[in-house]
Each structure stands twice: as C-alpha cells, then as structure tokens.
Amino acid sequence: MANVVPFVNEPVLNAADPDVRRRFAEALARAEGRFGEAIPLVVGGERVTTAKQGRSLNPCAPEQVVCTFSQAGEADVQRAVAAAERAFATWRWVAWEERAAVLLRAAEILRRRRYDFDALLTLEAGKTFAEAEAEMAEAIDFCDFYAREALRWGGPQPLTPLRGEMNELHYIPLGPGVVIPPWNFPLAILGGMAAAAIVAGNTVVLKPSSDTVRIGWAFFEALEEAGVPPGVVSFVPGPGAVAGEAAARAAAVRFISFTGSKAVGLRLAQVAAEVQPGQRGVKRVILEMGGKDFIVVDESADLDAAAAAVVASAFGFQGQKCSACSRAIVHARVYDEVLERVTAGTKALRIGPAKDLEVNVAAVINESAMKSILGYVEVGRGEGRVAAGGARAAAAGSGWFVEPTVIEGVDPRARIACEEIFGPVLAVLRADTFERSLEMANDTEYGLTGSFFGRDRARVETAKKALHAGNLYVNRKCTGALVGVHPFGGFDMSGTDSKAGGRDYLGLFTQAKLVSEKLG
Ligand code: NAD
C-alpha cells in the first residue's frame, strides 16, 4: 500500500477545553435521545430480531435503558458460523493491503464519531470522560496499528536463500473464529480482537458482553461502513454460556479469541479441546484473563509519586481494569507514610455519575458486580482494617456506586490479597524487607501487571528481573498501556501470554505456509 504514514498513538482530548466539553455534552444529549433503541443480531449481513430480548442499563442510573437487544440462541449462532464459513471462502483471498485499508477507514470513522463513542462509554459502561477518551484512543490505535502490522505480515518474509530453488513463506488466515470480549473495554478490546482477526483474513462470530451491547453495535456499524463485507463479521449478542459457548463449540471454528475472567477462559479452553464431529484442525485458543496486580513501594521510593500512582491505578474506572492495582505492597519503613497518603488521596476522590466531568469514581457495571464487591469488602473487614470507604455510596445516585475502599494490614494469603475482586478495593500489605516485597508480589496465580517504585538503582534492577508480570512498570502506575508502546498481556492464569498491541499479535490469527519451487 502506498504511503501509509508510520503509526503514532492517537492523542486524547482534554476536558479542560470548553469546546471539548460542549461537544461532549451535545453527544451525551444525542445518546440519551436514542435510549431504548432496539439492537438486532446480524447474521451473514442480515438483520435478525429474536423473541428473546435483553436490556442494557446505565450503571449510574439503572432506570435508564440504554438499549434493548436481540439475544442469539444456539441456532442463530450456528447460522452465524455457517455465514463465517461462506464469507471465508472469499475474504481469505482479499489482499492484505485491501484488508488493512478497511481498518484504516474504520479508524477514521471512530475519529469522526469520537464524541458519540465517548458518550456511549460514559452512559453504558460508566466511564468518566477521561477513561472514555483513553479507551477511544486505544480503539483507534488498534485499528491503525494492526492495519500497518498487516502490511508487514502480508509482505515478503526473510528466508535463507538456496541456489536452484525459489522459496516463499506466507502467513495465511486460520478460518472462521469466535471473538468474545468483556464489558470493561467494550470498544477497545472488542474492536482490537475483531480487527486483528479480520485483517489477517479470518472471519468472525462476534459475541459482545450483554452489559455493553450498544457500544459493540456502534463498532460493528463502523466496520460495515468501513467496507467489511457481509458475513465477515456476524454480530450475535446473547448469554455467554449459550451464545458464546455454542459458537466456541462449533466444528467449523478454528480459533477462539477471548478476553474475560479466568473461570470463563478456562471453560473455553475445555470446550475447544472437545473435538466435534466433522471438525478439522485443533482450535487455537487465545485467552486474556484476570489479574491480581501489584504496586511495590520500596523505602527508596518517591512516596508522593508512589501514593498517587496507587490511587490512580486502584480506582481509575472503579478498579474495573484487568490491570488495576489491587495490592499495594509497602516497605515497613515507609508503610505508615504511604498508607496515610493513599488514604488521603482516596478520600479526596469524587464519586458520582460518570457524565459529570468533575467526577473521578462512577458506578460499577451492574448490580451483581456491586454485590460481589461489597461481599469482598465484608471479607476484608475480617482480614484487615478499613482505612477508607467500605460501603455502598448511595448518596451518589440511584446507580451501583461503591466507595473506593482501602483495607490495610492485610496478610499476603488473605482472600482479598489473592482473589480478583474487580472493583474499587485495594489491599495494603506490609513487607519487612525489599526481598520480601518481591516475594509477596509474585505470590499469586496471576501475572498480568505490576509496578515497582524505588530510586535505589540496584533494587530497581533486581526488581525488573525478579517481578513476574506480563507488563511490569517502574516508577509509574500499572494501568494505561499504550498500543505499540506497551504491548499488553499477562502470564500464568492471566492468559496465554499474548500481547495485544504488539508485533507478535497478528501471528496468533495466522499460520505460516512455506512454498518451495525447484527451478529449472
Ligand atoms: P466474563 O468472563 O464474565 O465475560 C467475558 C465474556 O465471556 C462476556 O462476553 C461473556 O458473555 C462471555 N461468557 C461468559 N460465559 C461464557 C461461556 N460459558 N462461554 C463463552 N462465553 C462466555 O468477564 P467480564 O466480567 O466480562 O470481564 C471482566 C474480566 O475480564 C476480569 O476478570 C478482567 O480481569 C478480565 N479482563 C482481562 C483483560 C486482559 O487483557 N487480560 C482485559 C480486560 C478484562
């Protein structure tokens, strides 16, 4: 493809700019004006309305129905898989450059509708403007980055030359696949997984999370407008255990690309391993799962910077990021000081509806999440001392608001120090020595993100080697990975070691074919 400029990360909009605030307010009003809209399934390009309907609610004001949506049953999913098989017969032969151009156009459409996406992220997922913008930029980046990556994967591959032969290696697609994203990055993760799969020549059955169907739909529409042909992506919302699992089980499916919880990820690995009648090939399973991420604060750290990073990483988007800091592991010599600053920073956070630009912490995604988080807070009361928060924030509104909560003096083997809570709950652990702080950080079945704060050079170097996390940061927060800059994904029970937004990622959606022709 001629003259594609090199990839650069999309800048985020600044909410201090009055023009940005005005345009965001207008987009919120537009989105609110469309509340209750009915979203269909799209199977092989055809809009389908099913009898079984679902609803997606505004977490900050659950009396507001963001959309209603058709729910796919097993038969719908099977038709979507059949459509993906048919579409694969042509899409696989479309040139890499042409498929890349589709993603470049999709990125432009996202830019053009940026405020509308921001508004949906705010109203359906409970993201503050800053969080919505960060996700928006990431979604654009995924399209832009994978488009350029496609040109590299689709181009000539280096081989050792052999006289008398002409040898070529081509990356070819796998076939029809299933993409199952979570609700917490309903645009960037859904879009990133789908974009990577299709740009590599695969076709996709896309099952969005039931909590964020409206945003998934907006992305699907952008793909259609960008020129993705019918059947290349089918859109099938529905209950995970029905629609998601049926899609994953289908004989024709060649890969399952999943981001979500450990429990569901492991279940899908099991489903993939059960060979179905007529199945050809082993299903490739790409799992990106949970985390129990840490920030280690050494005695040599800049304590203000460390405390600010802990608060931002623990409570940004209500702690509902797989990368969120849920364990602060603090050297005993600075424990009291760090705790005081983290507690003060936490208490200063403003709780309220996500659309309010002054708010830092909005509602969690749904009622069952709120109950589960508050259940963990109760467990935590028996495992440490509640230093901040600890209750539902009912005064913030009718939504599912939970106070940002700090529980200190927690044993490394306590439940709240080991299990993923996925909400605004931080466990603070005391480490007697530097070495012990590293051991505590690594004492988890997960291995997604972590951060080390310290200024002692020897300790920084030791920490860089010893800390076992897919994304390890030093002297900065453990959230906020940038596409291309910080390829993202975890070890151990955090997933199958993929790196979204990295140079290896498209390889997960391809297989290499070697062609060797004897000359003469
Ligand atoms: P979840 O596992 O409950 O759901 C994820 C998706 O799987 C949803 O679309 C859901 O409908 C579907 N699903 C549920 N049961 C299924 C089944 N039996 N078969 C097929 N599909 C099924 O996770 P969630 O609550 O949506 O997301 C939060 C989780 O995602 C957290 O654990 C978080 O750490 C993780 N996450 C990980 C990453 C990462 O990059 N590693 C990124 C974001 C979120």
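Colleague: What makes the pairing of E1, E5 and E4 an open sheet, and in which order do the strands stand?

Modeller: In this predicted model, 3 strands form the sheet in the order E1-E5-E4, with mixed pairing. Strand E1 (37-39) and strand E4 (53-58) stand at the edges with a single partner strand each, so one side of each has no neighbour in the sheet. Direction ignored, neighbouring strands here are turned by 35 degrees against each other on average.

Colleague: How do you know that E4 and strand E5 count as paired?

Modeller: Pairing needs at least two bridges between the strands. E4 and E5 (residues 61-70) are joined over 6 bridges, in the antiparallel sense, so by that cut-off they pair. Asn58 stands opposite Ala61 in E5.

Colleague: Which helix lies across E4 and E5, and at what angle to E4 does it run?

Modeller: Helix H4 (residues 114-125) lies across both strands, and its direction is at about 100 degrees to E4.

Colleague: What describes the packing of helix H1 and H4?

Modeller: Two packed helices are described by the angle between their axes and the distance between the axes. For H1 (residues 18-33) and H4 the angle is about 65 degrees, and the axes are 8 Å apart. The crossing of H1 past H4 is right-handed.

Colleague: Which residues of H1 and H4 meet, and how do they divide by class?

Modeller: From H1 come Val20, Arg23, Phe24, Ala27, Leu28, Arg30, Ala31 and Glu32; from H4 come Tyr115, Asp116, Asp118, Ala119, Leu120, Thr122 and Leu123. The contact of H1 with H4 divides into 9 nonpolar, 1 polar and 5 charged residues.

Colleague: Why is H3 called roughly antiparallel to H5?

Modeller: Helix H3 (residues 96-112) and helix H5 (residues 129-154) pack at an angle of about 165 degrees, with axes 9 Å apart. Angles over 145 degrees count as roughly antiparallel, and therefore H3 is described as roughly antiparallel to H5. H3 passes H5 in a left-handed crossing.

Colleague: What makes up the contact between H3 and H5?

Modeller: On the H3 side, the residues include Trp96, Leu103, Leu104 and Arg111; on the H5 side, they include Met136, Ile140, Cys143, Tyr146 and Trp153. By class, the contact of H3 with H5 has 16 nonpolar, 1 polar and 4 charged residues.

Colleague: Why does Thr128 count as buried?

Modeller: Thr128 is found in the loop between H4 and H5. Buried means under 20% relative accessible area; Thr128 has 7% relative accessibility, so it counts as buried. Not counting residues up to four places away in sequence, Thr128 touches Ala354, Val359 and Asn360.

Colleague: How do you know that Gly502 is buried?

Modeller: The relative accessibility of Gly502 is 3%, so this residue counts as buried by the cut-off of under 20%. Gly502 is found in the loop between strand E20 (491-492) and strand E21 (510-518). Leaving aside neighbours within four places in sequence, Gly502 is in contact with Phe145, Glu149 and Pro487. Gly502 and Tyr146 are 356 residues apart in sequence and 8.9 Å apart in space, C-alpha to C-alpha.

Colleague: What makes E14 and E19 edge strands?

Modeller: In the open sheet of 7 strands, the order is E14-E15-E16-E13-E12-E18-E19, with mixed pairing. Strand E14 (385-388) and E19 each pair on one side only. Neighbouring strands of this sheet are turned by 20 degrees against each other on average, direction ignored.

Colleague: Which bridges join E15 to E16, and which residue stands opposite Glu408?

Modeller: Strand E15 (residues 405-408) and strand E16 (residues 425-431) run parallel and are joined by 4 bridges. Glu408 stands opposite Val428 in E16.

Colleague: Where do helices H10 and H11 lie?

Modeller: Helix H10 (residues 303-315) lies across strand E12 (293-297), strand E13 (325-331), E15, E16 and E18, running at about 170 degrees to E12. Helix H11 (residues 335-347) lies across E12, E13, E14, E15 and E16, at about 55 degrees to E14.

Definitions and conventions
Residues are numbered from 1 along each chain as its sequence is written. This is a predicted model: local features need pLDDT of at least 70, side-chain atom pairs count only at pLDDT 80 or more; totals for chains, interfaces and linings use all residues. Side-chain values use heavy atoms; hydrogens and water are left out. Axes are lines fitted to C-alpha atoms, for helices over the stretch in contact, and angles run from 0 to 180 degrees between N-to-C directions. Helices (H or I, at least four residues) and strands (E, at least two) are DSSP runs, numbered from the N terminus. Angles under 35 degrees count as roughly parallel, over 145 as roughly antiparallel, 65 to 115 as roughly perpendicular and the rest as oblique. A crossing is left-handed if the near helix is turned anticlockwise from the far one by less than a right angle, and right-handed if clockwise. Contact means heavy atoms within 4.5 Å. Ala, Val, Leu, Ile, Met, Phe, Trp, Tyr, Cys and Pro count as nonpolar, Asp, Glu, Lys and Arg as charged, and the others, Gly among them, as polar. Buried means under 20% relative accessible area, exposed over 50%, partly exposed in between (1.4 Å probe, protein chains only).
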